[in-house]
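This report describes selected features of one protein structure. Please keep the sequence and the model in view while reading.

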Amino acid sequence: MGEKIRSTIVIPNYNGMKYIEACLRSLAGEPAHIIVVDNGSVDGSRELVQEKFPEITLKCFDRNYGFCKAVNAGIESSRTTYVILLNNDTEAEPGFVEALEHAMDRNPRAFSGAAQIRNLYRKELLDDAGDYYCALGWAFALGRDKPVQAYQKERRIFSACGGAAILRRSMLHEIGWLDEQHFAYLEDVDLGYRARIYGYVNLYIPQAIVYHAGSGVSGTRYNKFKVDLTSRNSVYLIYKNMPLLQILLNMPLLLPGFAVKTLFFMRRGLGKDYIRGLGRGFKLCASEEGRRNKLCFRKENIRNYIVIQLELWRNICYRFLR
């Protein structure tokens with residue numbers, strides 16, 4: 001390891017017995033502190049970390065408080081320049097940390113950097129080459145299920161997937177940490193969105209490679225828990241980050257966007273869960289906590305809002321053409 005450790009890897013864990021050991025072994029020799037934050041696991045994964053990886057810092061909660069609270073606990077315990085978020089169902093290639101650090105060093109306005117996330121079971125295919133958000137109210141991972149060869153260039157993205165991302169810790173104090181009202185899902189898009197409003201950029205860093213099992217804890221790609229929570233958070237994301245004028249500007253696209261999603265999930269037998277999530281999202285927006293967390297519009301950021309809006313329109317094309 002180098003003389004000075006510059007990154008802390010934060011790994012939230014909840015009943016990750018199937019994956020956590022392989023994840024931690026893949027990080028052997030990486031120049032970083034490692035903090036595992038356990039969300040009340042009952043499957044023995046917490047005890048496994050204690051017994052087999054005594055050199056790793058382990059923080060334990062009494063129950064599952066969600067991805068966001070676990071990550072924030074890890075950030076609070078860190079003291080390094082960078083914080084790297086990593087899912088417990090991932091395996092990193094050697095040099096993962098240094099690749100992320102070097103890209104961030106070259107881009108001082110970068111708030112975050114997304115690793116190249118590949119499918120753990122079909123390693124020739126991508127799982128995520130950067131997250132995007134569009135004016136339909138949809139967040140999506142670019143390159144999912146496509147060959148890795150087409151996504152090997154570093155570029156700016158809308159936000160970095162929290163499953164494998166590096167954050168500049170000093171900027172977190174300005175834009176805020178992960179919003180624990182999200183619990184899980186879309187919290188990374190919310191964080192990247194806030195960074196963009198403040199004028200920072202987010203990067204895709206293909207030199208840093210991670211393999212991801214996908215839905216390792218929550219189950220399949222679409223399930224009741226995930227659909228309900230993602231639906232709720234999609235409403236909250238818009239309310240938090242868009243000024244009223246921008247919401248009204250996007251309404252002609254947001255309404256059909258949510259309608260299409262409703263039909264999509266109805267065909268999979270999850271329509272009621274999606275609609276229930278939308279209702280819970282509006283309820284969260286109207287709550288005291290939701291209103292408190294809404295990002296205040298500041299006129300000095302108006303240029304950033306304009307740039308973001310143009311991207312929201314452009315990203316509709318990204319969703320269907322790439």
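How many aromatic pairs does a search of the whole structure find? The search finds 14. Rings of Phe, Tyr and Trp (its six-membered ring) pair if their centres lie within 6.5 Å; planes under 30 degrees apart count as stacked, over 60 as edge-to-face and the rest as tilted.

## Basis of the report

The model is predicted: local features need pLDDT of at least 70, side-chain atom pairs count only at pLDDT 80 or more, and totals for chains, interfaces and linings use all residues. Residues are numbered from 1 along each chain as its sequence is written, and side-chain values use heavy atoms, with hydrogens and water left out.

## Aromatic rings

The ring centres of Tyr-133 and Tyr-193 are 6.1 Å apart and the planes stand at 55°, so this pair is tilted. Tyr-133 belongs to strand 8 (residues 131-133) and Tyr-193 to helix 6 (residues 187-197), so that the pair links parts of the chain 60 residues apart. Helices (H or I, at least four residues) and strands (E, at least two) are DSSP runs, numbered from the N terminus. Both Tyr-133 and Tyr-193 are buried, where buried means under 20% relative accessible area, exposed over 50%, and partly exposed in between (1.4 Å probe, protein chains only).

Elsewhere, one aromatic cluster is formed by Tyr-222, Phe-264, Phe-265 and Tyr-274.

## Nonpolar cores

A nonpolar core is a set of buried Ala, Val, Leu, Ile, Met, Phe, Trp, Tyr and Cys residues joined through side-chain atoms within 4.5 Å. The largest has 67 residues, of which Phe-111, Tyr-133, Phe-158, Tyr-193 and Leu-312 touch the most other members. Helix 7 (residues 224-241) gives the most to this core, with 7 residues. A second, separate core of 34 residues includes Leu-48, Phe-96, Ala-103 and Ala-164. In soluble globular proteins, nonpolar side chains tend to be buried together.

## Strand 11

Is strand 11 mostly covered or mostly exposed? Strand 11 (residues 164-168) is mostly covered, with 5 of its 5 residues buried. On one side lie Ala-164, Ile-166 and Arg-168, and on the other Ala-165 and Leu-167.

Two strands pair if DSSP finds at least two bridges between them. Strand 11 pairs with strand 4 (residues 82-86) in the antiparallel sense over 5 bridges, and Arg-168 is the bridge partner of Tyr-82. Strand 11 also pairs with strand 6 (residues 110-119), again in the antiparallel sense, over 3 bridges; here Ile-166 is the bridge partner of Gly-113.
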